Amino acid sequence: MPHADAADHAACRDAIRTGSRSFFAASALLPPRVRRPAYGLYAFCRLSDDAIDDVAARDRPAALARLAARLARIYAEAPCDAPADRVMADVVAAHHLPQALPAALIEGLAWDARGLRYETLSDLTAYAARVAGSVGAMMTVLMGVRDGPDLARACDLGIAMQFTNIARDVGEDARAGRLYLPLAWMREAGLDPEAFLADPALSPALQGVIRRLLAVADGLYSRSEPGVGGLPLDCRPAIRAAHLIYAEIGRDLERGGLDPLSRRARVPGRRKAALLSRALVPAFSRSDRTAPPLAETAFLVDAVADRPVSAPAAWWDVGGQAARVLDLIEALREREGAAPAGP
């Protein structure tokens, strides 16, 4: 029996509509069979992020412990009394979602809670793999795709989107005492990270670092493109739309003089609508779909490979369908036998 009802699904949809407008716009192109669980997945991710961000620093270890416990209950089919938890429990069961994927997200949030900074691009990529690459992998599983190369390309896209977000939010993060730009890049450009945090100011050196990060993101957007061809036909426009909308944030940042301190780059509604239309047209890519995953995302791809799922029996496979029914009956008997006697 499902844990979530229509009200739970509506609550998840509303959470995404207000909390992630770019994803909400792109998700309109998803088929309903994927869009509904995707709202639940993103609502749980949003809940997880807020559970850490919305508490004082001293309370974050306890908040992380509570979040890990909630995830454990989801995988034990006993979710907490919250819409996102109930929907997520159904998503996990229906799509055989490996626990290592949402656990990676929570690990990334733990790094945030500790206020970690990242010396090299590889260090930053490892962080982005957890908070964004994991989401790309989970979305791919929701679409019914568990192929290694396609999962690797989904992780590439998630990291590209996270790098775009980091470039856009440099000012907002600095004012909150957070810094995600590679520290080695800043020093190479003549910037002292501590001095920048103490007095965030725009400079040609900072603009150069932001430009460099956007260039890496653009390379990952290109690297991710061939993975779209491995998705179901009716899912491809939504993923193209997510790619185009997030990449456009970088273009708007460039048009604004690479100044994330005094303005927030955004994609206006009219431009977003044009990109959604463009996403309906298949794109040709010269990138290699079979390129191995980034070293920082290989553990996500391996987590799905370690939990293979048998293809369902075809409707005409009477023997296979009969076996599935017998397995279900046996599982129900075992559950009834394990249940405590009623009053």
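1. **Basis.** This is a predicted model: local features need pLDDT of at least 70, side-chain atom pairs count only at pLDDT 80 or more, and totals for chains, interfaces and linings use all residues. Residues are numbered from 1 along each chain as its sequence is written, and side-chain values use heavy atoms, with hydrogens and water left out.

2. **Fold and dimensions.** The protein chain has 16 helices and 0 strands. Both are DSSP runs numbered from the N terminus: helices are H or I with at least four residues, strands are E with at least two. The radius of gyration is 21 Å, close to the 20 Å from the globule rule for 343 residues, so the chain is as compact as a globular protein of that length. That radius is taken over C-alpha atoms, and the rule is 2.2 Å times the number of residues to the power 0.38. The C-alpha trace spans about 70 × 50 × 35 Å along its principal axes.

3. **Surface and burial.** The accessible surface of the protein chain is about 16,500 Å², and 56% of that belongs to carbon and sulfur atoms. Areas come from the Shrake-Rupley method with a 1.4 Å probe; for residues, only the protein chains shown count as cover. Of the 343 residues, 49% are buried. Buried means under 20% relative accessible area, exposed over 50%, partly exposed in between (1.4 Å probe, protein chains only).

4. **Contact range.** Take the contacts between residues at least 6 apart in sequence: 74% of them join residues at least 24 apart. Contact means heavy atoms within 4.5 Å.

5. **Core.** The largest nonpolar core has 108 residues. Such a core is a set of buried Ala, Val, Leu, Ile, Met, Phe, Trp, Tyr and Cys residues joined through side-chain atoms within 4.5 Å. Helix α7 (residues 121-142) gives the most to this core, with 13 residues. Leu 101, Phe 163 and Leu 181 have the most contacts inside the core. Leaving aside neighbours within four places in sequence, Leu 101 is in contact with Ser 134, Ala 137, Met 138, Val 141, Leu 300, Ala 303 and Val 304.

6. **Arg 130.** This residue lies in helix α7. Arg 130 counts as buried because its relative accessible area is 14%. Its side chain makes a polar contact of 2.9 Å with that of Glu 107. A polar contact is a pair of N or O atoms within 3.5 Å; within protein, one must be able to donate a hydrogen and the other to accept it, and residues adjacent in sequence count only if both atoms are side-chain atoms. Not counting residues up to four places away in sequence, Arg 130 touches Ala 104, Leu 105, Glu 107, Gly 108, Trp 111 and Phe 299.

7. **Asp 150.** Helix α8 (residues 148-168) holds Asp 150. Its relative accessible area is 4%, so Asp 150 is buried. A polar contact of 2.8 Å joins its side chain to that of Arg 289. Beyond four places in sequence, Asp 150 is in contact with Val 145, Gly 227, Gly 230 and Arg 289.

8. **Aromatic pairs.** The structure holds 4 aromatic pairs. Rings of Phe, Tyr and Trp (its six-membered ring) pair if their centres lie within 6.5 Å; planes under 30 degrees apart count as stacked, over 60 as edge-to-face and the rest as tilted. Trp 111 and Tyr 118 have ring centres 6.4 Å apart and planes at 35°, so this pair is tilted. Tyr 127 and Tyr 180 are stacked, at 5.4 Å centre to centre and 25° between the planes. Tyr 127 lies in helix α7 and Tyr 180 in the loop between α9 (170-175) and α10, so the pair ties together parts 53 residues apart in sequence. Trp 111 and Tyr 118 are both buried, and so are both Tyr 127 and Tyr 180. These four residues, Trp 111, Tyr 118, Tyr 127 and Tyr 180, form one aromatic cluster.

9. **Backbone points to check.** His 96 has a positive phi of about 50° although it is not a glycine. His 96 sits in the loop between α5 (83-95) and α6 (100-113). At a relative accessible area of 33%, His 96 is partly exposed. Leu 258 also has a positive phi, near 50°, and is a residue other than glycine. The loop between α13 (236-255) and α14 (269-278) holds Leu 258. Leu 258 counts as buried, at 5% relative accessibility.
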